[in-house]
Amino acid sequence: DLEGGGGLVEGSAEIALATKHTLTAAVHALPTWQVTAHEAVHDMDNLRLVDVGDGKWCDTKYMLRQIYSEGQAFVLGDDGWPVAPAKGLQIEVGRKGEQSHDDTMVMGNLGYFQVRGNPGIYEVRIKSGLSNETFELAKKQDVEVSSYITPPFQLRVQTRPGKNHEDLFEQSSGPGRVAKLANGPSSGGGDGMLSGWISSLGSMFGGGDAARKEDDTAVAKSNSEDEGLPTIHIFSVASGHLYEKLLSIMILSVRSTTKCPLHFWFIDNFLSPNFKKFIPLLAKKYNFGFDFVTYKWPSWLNPQKEKQRLIWAYKVLFLDVLFPMDVPKVLFIDADQVVRADVRELWDTDLKGNVYGWVPMGDTNPDTEGFRFWKQGYWKNHLGDLKYHIAALYVVDLVEFRRQSIGDALRGIYNQLSRDPNSLSNLEQDLVNFAQHNVPIFSLPDEWLWCETWCSQEAKPKAKTIDLCQNPLTKEPKIVMAKRIISEWQTYHDDVQRFLDEVSANQTAVAGPPGQSQGPAGRAEL
């Protein structure tokens, strides 16, 4: 219900639990809702009674941050009937007469697409470039979001004279994309009572542009003295205070070794409120850009119940639609890595016609030979002479990835394999390695990822990144391992901690980084 036409009546729930297990809190919301923790002191991914305190409450406030509009796009034939999904068509949405606020690509899977659509009325446009040169709208129809539950939008397009669908997949020498568009729709839209109601409803999602800049942390811009340097886009994912702590340190290691402008992309719905408040401050101090992105799990895609497996899935299943269409390439770097080399070398790697490059699993530490499952049984037979690659670091040519519809292929293979609960044990890693016969992997040089579990000590001096892979023999905690095997890790840790102390000294309530707790003197601990 609306209260005074400007917001929702807040609801609350109290849950009493007495257990020694580690718990994860989550909200089960409608498929097109993005609901995230807005205020939380404790680690909602790793709730333990010992951390909260016996008899004490763990208070968390969740917020409906975003509504998404789903749709299907089909190509009409000469007779006016749909003949095929509009696979690969790039579209954008925005209010009439204003810049588009979101763009996406139509999947081959059922012609599915989704866009951000908080309450309002939006135009659907075909993006300039090959999409607009190949297709035109069969009928202009606005997307109206005036309810919490919006039915799927049906988009119909037709080929332009002399064009056919295959023209959309022509190979180009560059991304040919338009500049990235502003975040979020502007306030307003609609007429009469509908317009007023939509406007008031919109206040529940951050109160317009001003609040959106606060909540969504408008992109921090990277400045470079040499404007000729390319901006390197880096994608990473973290959940829980420990991994957010490691993510902060990974960012500093990249910044200290790379001269190019950097732009980081983080999955919004897995991050804690504290990290979202901290990252703009870190970005300003260390001069990098960032954005929070997400993609709502489509209803037709086999779901994942465990949060860790859900996170793994997000690393590969939505690469073609997760980022704005003007992002031509992206590097994935795991949160628990420390980078020792300039990642421009990785960015400029010639993938020899492949859409992505991954590092093969280490094969030089004899102590863990018995754990190399890919050299035994099913995997040995399936791979043949192909290598098994680790999912901790990879580079993706997004232009080719989209052009060749690799996202559709991976989602199709995933839907088949995930029917068996015993398959895809290491979800994203197993998926791309299984798919190698259809989607080849370019093997990056071994020195781009060293981890003690799989690699020899002799190979460590050449390592360009060090990953904190769990050792099945010792099960050593990551922080303990980091201090032991990465000489510069403590320095990065201390740099972040000193910055936190500066923030603490200037703020009454510290919007701390991942893993913080309040010490006796109110010091934010990393």
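**Exercise 1.** In which hand does α5 pass α6? Determine also the angle and the contacting residues of this pair.

*Solution.* The model is predicted; local features require pLDDT of at least 70, side-chain atom pairs count only at pLDDT 80 or more, and totals for chains, interfaces and linings use all residues. Residues are numbered from 1 along each chain as its sequence is written, and side-chain values use heavy atoms, with hydrogens and water left out.

Step 1. Locate the elements. Helices (H or I, at least four residues) and strands (E, at least two) are DSSP runs, numbered from the N terminus. Helix α5 covers residues 241–257 and helix α6 covers residues 273–286.

Step 2. Read the geometry. The axes, which are lines fitted to C-alpha atoms, for helices over the stretch in contact, lie 12 Å apart and form an angle of about 15°. Angles run from 0 to 180 degrees between N-to-C directions. α5 is therefore roughly parallel to α6. Under 35 degrees counts as roughly parallel, over 145 as roughly antiparallel, 65 to 115 as roughly perpendicular and the rest as oblique.

Step 3. Assign the hand. The crossing of α5 and α6 is right-handed. A crossing is right-handed if the near helix is turned clockwise from the far one by less than a right angle, and left-handed if anticlockwise.

Step 4. List the contacts (heavy atoms within 4.5 Å). From α5 come Glu-244, Leu-247, Ser-248, Ile-251, Leu-252 and Arg-255, which meet Phe-275, Phe-278, Ile-279, Leu-282 and Tyr-286 of α6. By class, the contact of α5 with α6 has eight nonpolar, one polar and two charged residues. Ala, Val, Leu, Ile, Met, Phe, Trp, Tyr, Cys and Pro count as nonpolar, Asp, Glu, Lys and Arg as charged, and the others, Gly among them, as polar.

**Exercise 2.** Describe how α12 and α13 cross, and which residues meet there.

*Solution.* Step 1. The axes of α12 (residues 406–417) and α13 (residues 427–434) come within 10 Å and cross at roughly 110°. The two helices are therefore roughly perpendicular to each other.

Step 2. The crossing of α12 and α13 is right-handed.

Step 3. Leu-410, Ile-413, Tyr-414 and Leu-417 in α12 meet Leu-427, Leu-431 and Phe-434 in α13. This contact of α12 with α13 has seven nonpolar, no polar and no charged residues.

**Exercise 3.** How many residues of α12 and of α13 are buried, and what covers them?

*Solution.* Step 1. Buried means under 20% relative accessible area, exposed over 50%, partly exposed in between (1.4 Å probe, protein chains only). In α12, nine of twelve residues are buried, including Ile-406, Asp-408 and Arg-411. The cover of these buried residues includes α8 (319–322), β16 (356–360), α11 (398–403) and α13.

Step 2. In α13, seven of eight residues are buried, among them Glu-428, Asp-430 and Val-432. Their cover includes α7 (307–314), β16, α10 (377–383), β17 (389–397) and α12.

**Exercise 4.** Is Tyr-314 buried or exposed, and what does Tyr-314 touch?

*Solution.* Step 1. Tyr-314 is found in helix α7. With a relative accessibility of 4%, Tyr-314 counts as buried.

Step 2. Not counting residues up to four places away in sequence, Tyr-314 touches Phe-235, Ile-267, Asn-269, Phe-270, Thr-294, Tyr-295, Lys-296 and Trp-297.

Step 3. Tyr-314 and Lys-296 are 18 residues apart along the chain, and 9.9 Å separates their C-alpha atoms.
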